[in-house]
Amino acid sequence: MLQTTRNRPISELSVWAPLVLAILRIVSALLLIDQGLSTLLHFPQAGVPDALDAAAGAIEVVGGVLIAVGLYTRVAALAAAAEIAMAYGALDRPDTSILFCVIFFYLVFAGPGMWSLDGRIHQPDVWQEVPRNGGGARASLATVHREPARLPGTEVSGDAQD
């Protein structure tokens with residue numbers, strides 16, 4: 001059983017945070033694309049959408065695609081959150097639109113995560129940073145801090161080392 005307090009995160013679960021963020025981003029974006037396509041195509045009844053419906057549907061489809069692949073995610077999520085908030089009142093959308101608005105507003109601040117095109121383009125070092133010997137940044141910092149500070153030019157004999 002995992003022991004935890006309110007102030008200390010569960011490290012075993014923190015490992016999964018990037019994957020869960022990617023799942024939240026992709027699933028929400030796919031649902032937004034579905035909502036946008038049904039707005040544009042007027043399922044179940046056929047017809048030409050009004051100008052406001054067409055604009056909302058276009059923002060939902062384009063924004064959903066950008067959010068799903070993780071390209072310009074913060075901008076697309078802000079546009080989608082604003083559009084959904086306005087469409088909730090103006091187009092009489094269901095209450096689930098509020099949840100979409102909150103999720104996309106969260107993505108504005110959380111960002112796309114490392115499992116996205118933005119993460120791949122702007123931080124290419126992250127993908128190659130995985131160490132081969134099992135050590136990481138903490139191991140190298142711990143090695144630096146274990147070694148005591150010495151003045152330059154002072155030599156320590158073999159039997160006087162720490």
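Is F100 buried or exposed? F100 is buried, with a relative accessible area of 12%. The cut-off for buried is under 20%, so F100 qualifies. This is a predicted model. The protein has eight helices and zero strands.

**The whole protein**

- From the N terminus on, the elements run α-α-α-α-α-α-α-α.
- The protein has 162 residues, and 25% of them count as buried.
- Take the contacts between residues at least 6 apart in sequence: 62% of these join residues at least 24 apart.
- The protein exposes about 11700 Å². Carbon and sulfur atoms supply 65% of that area.

**Helix α2**

- Helix α2 covers residues 17-41, which makes 25 residues.
- From its first C-alpha to its last, α2 reaches 36 Å. That is close to the 36 Å expected at 1.5 Å a residue.
- The buried residues of α2 are L21, A22, R25, S28, A29, L32, I33, Q35, G36 and T39.
- What covers these buried residues includes three other helices: α3 (51-69), α4 (73-90) and α5 (96-110).
- After α2 comes H42. The phi of H42 is positive, near 50 degrees.

**D53, a buried charge**

- D53 lies in helix α3.
- D53 is buried yet has no salt bridge.
- Which side chain of opposite charge is nearest to D53? It is R93, 5.0 Å away.
- Leave aside the neighbours of D53 within four places in sequence. D53 is then in contact with T39, H42 and L91.

**The salt bridge**

- How many salt bridges does a search of the whole structure find? The search finds one.
- R93 forms a salt bridge with E60. Their closest N and O atoms are 2.6 Å apart.
- R93 lies in the loop between α4 and α5, while E60 lies in helix α3. The pair therefore ties together parts that are 33 residues apart in sequence.
- Both R93 and E60 are buried.

**Aromatic pairs**

- The count comes to two aromatic pairs.
- Stacked means planes under 30 degrees apart.
- F100 and F104 are four residues apart in helix α5, so about one helical turn separates them.
- F104 is buried, with a relative accessible area of 0%.
- The other pair is F105 and F109. Their ring centres are 5.2 Å apart and their planes stand at 80 degrees, so this pair is edge-to-face. Edge-to-face means planes over 60 degrees apart.
- F105 and F109 are also four residues apart in helix α5, so they too are separated by about one helical turn.
- F105 is partly exposed, with a relative accessible area of 43%.
- F109 counts as exposed, because its relative accessibility is 60% and the cut-off for exposed is over 50%.

Note on methods: Residues numbered from 1 in each chain as written. Predicted model: local features only at pLDDT ≥ 70, side-chain atom pairs only at ≥ 80, totals over all residues. Heavy atoms only, no water. Helix = DSSP H or I, 4+ residues; strand = E, 2+ residues; numbered from the N terminus. Expected span 1.5 Å × (residues − 1). Buried < 20%, exposed > 50% of the residue type's maximum accessible area, 1.4 Å probe, protein only. Contact = heavy atoms within 4.5 Å. Lys, Arg positive; Asp, Glu negative; His and termini not counted. Salt bridge = Lys/Arg side-chain N within 4 Å of Asp/Glu carboxyl O. Phe/Tyr/Trp six-rings, centres within 6.5 Å; stacked < 30°, edge-to-face > 60°. Areas by Shrake-Rupley, 256 points an atom, 1.4 Å probe, with all protein chains shown as cover.
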